[in-house]
Structure formats: structure tokens, C-alpha cells
Amino acid sequence: PEFWYFEVVETVRRLAMTGVLSTIVPGSFTQLSVGLLFSFVHTLTIMGLKPYTEMRDNILSVLSGCQIILVFMASSFLKYKNTAADPFDSAGMGAVLVVSHIVTFISFIAWAFYAKDD
């Protein structure tokens, strides 16, 4: 357990993503930017440290982090580029978000079945 402290890091991230973001004006660009920054830094930390024993757990964590980053970016895009008025752009961003969630979920299920043989 080289990264025994990483559960503390994960708890701090969760607190920051809920507690800190809730103190910022809801729906503001600042709130979206801070959430994006927290997610980006955490994903880079996972990529650099690879704290989990199994590589597939590290990959799934990075994939989940990228998904959260994509959600914050899409939220910023839809809020400040006024694309919500154009149904194609809104539908396209919605499709990207749904596909990213499905890919993450399918990856988790596939790796869970793969891991049961270990």
C-alpha cells in the first residue's frame, strides 16, 4: 500500500466537489470553472500517481474523471454559448454526454466480468 493515504485524497475531492462548489453562486460560470478545475486536477493526479493496484481501476478512474470534465465543459458550453436555443447543438451535446456515460458504464461492467476470473 504505497498510496494508503489516497482515500483521504478522494474524500477531500468529494467534499470539494459538493461543499466548496455549493458555496459559490449556483449556476455561475465561476462555479462551473472551479468544478472543472477540481476535476481536471484530480484526473491528472490519478493519471500521474496510478494509486490503484489494478491498472484497470486506474483506467476506469481516469475515464470517470474525463466524463466529469466533459459534463462541466458541456455545461459551460450550453450556458454561455447560448446553444440551448438551437435544438441541434443541445441534442448533440446531450448525445455526447449520454454516450460518455454509457461507455463508462459498459467499461465498468466489462472489467467487472474480467476481474472475476482473477
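This is a short exchange on how terms are applied to a predicted model.

Mentor: The model is predicted, so local features need pLDDT of at least 70, side-chain atom pairs count only at pLDDT 80 or more, and totals for chains, interfaces and linings use all residues. Residues are numbered from 1 along each chain as its sequence is written, and side-chain values use heavy atoms, with hydrogens and water left out.

Trainee: Why is Lys-81 called exposed?

Mentor: Exposed means over 50% relative accessible area, buried under 20%, and partly exposed in between (1.4 Å probe, protein chains only). Lys-81 has 58% relative accessibility and therefore counts as exposed. Lys-81 lies in the loop between H3 and helix H4 (87–115); helices are DSSP runs of H or I with at least four residues, numbered from the N terminus.

Trainee: What makes Gln-67 buried?

Mentor: Its relative accessibility is 12%, so Gln-67 counts as buried. Gln-67 sits in helix H3 and, neighbours within four places in sequence aside, is in contact (heavy atoms within 4.5 Å) with Ser-100, His-101 and Thr-104.

Trainee: What is the span of H1 set against?

Mentor: The expected span is 1.5 Å times one less than the number of residues. H1 (residues 6–22) has 17 residues and reaches 24 Å from first C-alpha to last, close to the 24 Å expected.

Trainee: Which residues make up the largest nonpolar core?

Mentor: Met-17, Leu-21, Ile-24, Leu-32 and Phe-72, 5 residues in all. A nonpolar core is a set of buried Ala, Val, Leu, Ile, Met, Phe, Trp, Tyr and Cys residues joined through side-chain atoms within 4.5 Å.

Notes:
Helix = DSSP H or I, 4+ residues; strand = E, 2+ residues; numbered from the N terminus.
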